[in-house]
Amino acid sequence: MLRFTACTVAYPDPRSGPVTPVFADLSLTVAPGETLAVVGASGCGKTTLLYSAAGLLEPGGGTVTLDERRVAGGDRRVGLVLQQYGLFPWFTVRENVALGLRLHGASPERSGKAADSALEAVGMAELARRSILTLSGGEQQRVALARTWAMQPDLLLMDEPFSALDALTREDLQNLVHTLLRERPVAAILVTHSMEEAVLLGTRIAIMHGSPAQLTETPNPVSSAAPSQLRTRDDFFHTVAALRRRFEELGRA
Amino acid sequence: MRSRAPRGRGGAGGTGLRAAALVVAAGVILGAWWLLSLVVDSPVLPGPLAVLVRMVEIGPRILLRHAGASLGRVAAALVVATAAALPLGLVMGRSRRIDRLLAPIAYLLYPVPKIALLPIVFLLVGIGDAARITVVVLVLFFQILVAVRDAARSIPSAYLVSFASIGGTRLQSLRFVLLPAILPELLTALRLGTGTALAVLFFAETFFTNYGLGTFIVESWMRVSYPDMMAGIVSIGLLGLLLFVALDLVEHFVCWWKHRSTR
C-alpha cells in the first residue's frame, strides 16, 4: 500500500527562499490492485507527485511510505515509466532491461533471465539483441515497461507514458499495461493528460487542480472492463464526458 | 513489430564501398600530385613515384625512427589531454555553478594560439620532449574540454531520472550514463584535434631535437634533398591518417549503436 501522509513539496527559489508549495498536506493511499489515474493541466504538479512517490523528491513535510516503509530514491520496490522512455542507446534492448537488476546486485545470469521473461511479457523477446535506436516509439516504451517489470515492483508509476505515441500504438500499450496489472496486481499511479486513458486504465480517477494542488477523486463506474472492450461502449463515452465536465468545473473553481 | 530498418554505415557492403571510395580518393590525390609535378617541372616538387622509391630506400632506417618519435609524442599528448580535460569537462557540463566559474577562463584561453607559448614552455619545462608534448596537450585540452562540456550539458534529463529511478547512484551514473553519452563527441574532438596536434608538433619538432618528422622535413629542406623532404611530408600525412583511422575504428567499436542494429 502506497501512503502519502500530510506531504508537502515545494521547490525552493535560491534567491528568494521557499515558494508556494506544489502541494501541501497531501494525504493519499493506493492499495495493491488499484490504479490511480491522475489527470490535470500542465504544470499542476502531477510529475512532482509521481517523483515524490518514487522517492526522487524528498517531501519538505510528511512522509511517503510503501508497505509502511519509507520510499527512497532508486527504491527497488518502485518502477517508473517515463514519457521519453529513458532507455540508453549504448546498451542493447536486453541490457537495458537487465540494468536495473544489475544495479541492485543481481548476477548477469539472473538479471539476464529476468530480462528475457520481462521482454517475453511485453512481446519484445525477439528484439532482445537489437539497438534501442532501431526501435519505434511504441517498441521503446514496451522495453521501458519491461525494464520496470523485470524488477517486480510493488508500485508502478507512469508519467504520461503513451502521450508521444500514435493512436493505434497507444491503444496497444494501454491494453498491455492493463494485462500486466491484471496478472500482477500492484499499486499503480498513471499520470495522464488524456481523459479517455484515465477512464480506460484507472480503477480510481483523481483530478489535480489548484495551487497548492489538491486531488479530487471522481468515480469510474466502468473500471472493471478491459480497455479493448471498453473503447466502443456507450458507458465509456458517458464516463469520459462526465470526467471532462468535472475537470472543467474544478478548473473554473 | 514495426522496427525501423537498421541505420548507419555498417555491413560488409558499406565497408567495401567505403574502402573503394578511399582508394579512388587516394588515386585522385596521387594523380593530381603527379600532374602538378609535370607542370611545375622542378626538383622542388618530385613526382609521387620518385618519392615512393625514396621512402622505400630510407624508410626502415630513417623515416620509421622519426615517425615513431612523432607518433609517441602525439599519443602521449592525446592521453594526457584526455585525462585532464575529460573530468573537468564532465564537471563543467553537469554543474552550472562550476561552469559559471570556469567557462570564462576557458573562453578567454581557447582562442589563444598555443604554439605562440612554445618559447615559454621551453623555458619552463626544458627543451626535452616534455615541452613538445606540453604544447600539443595545450592545443588538445581546450578542444576536448569544450566538446565534453557541451556533450555533458546536453545529456537528456530522462536518462538521469530513469537511471536514478532504477537504483543507480551518482557514481554509477558516471560509468553507465555520462561516459557512454559523451563518448561520440569526445572521439570526434580527438579526431579533429589530431590534425591540429600534428601541425603544432611539426613546428615544435623543428627546435632542439634530432628525431621527429618535423625536424626531418626541415633538415631535408636545408640539405636541398627534396625527395627526402617530400618523403617526410608524406609520412606526416600518413601518420595523421593512421591516427584518424585508429580513432575511427575505436569509435566504430565503442559507439556500436551508431553503426549497427545489433551488438
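I looked up burial in chain B: of its 263 residues, 32% count as buried. Buried means that 20 or more other C-beta atoms, placed from the backbone, lie within 10 Å of the residue's own.

I noted that this is a predicted model, where local features need pLDDT of at least 70, side-chain atom pairs count only at pLDDT 80 or more, and totals for chains, interfaces and linings use all residues. Residues are numbered from 1 along each chain as its sequence is written, while chains are lettered from A and ligands numbered from 1 in the order in which they are written.

Next, I checked the secondary structure. Chain B has nine helices and zero strands. Helices are DSSP runs of H or I with at least four residues, strands are E runs of at least two, and both are numbered from the N terminus.

The C-alpha trace of chain B spans about 70 × 55 × 30 Å along its principal axes.

Then I turned to one helix pair. In chain B, the axes of helix 8 (residues 213-222) and helix 9 (residues 226-254) come within 8 Å and cross at roughly 160 degrees. Axes are lines fitted to C-alpha atoms, for helices over the stretch in contact, and angles run from 0 to 180 degrees between N-to-C directions. Helix 8 and helix 9 of chain B are therefore roughly antiparallel, a label for angles over 145 degrees.

Last, I listed contacts, meaning C-beta atoms, placed from the backbone, within 7 Å. Helix 8 of chain B brings residues including B:Phe216 and B:Trp221 to meet helix 9 of chain B, where B:Ile233 and B:Leu239 are among the partners.

Terms used: Buried ≥ 20, exposed ≤ 12 C-beta atoms within 10 Å, placed from the backbone. Parallel < 35°, antiparallel > 145°, perpendicular 65-115°, else oblique. Contact = placed C-beta atoms within 7 Å.
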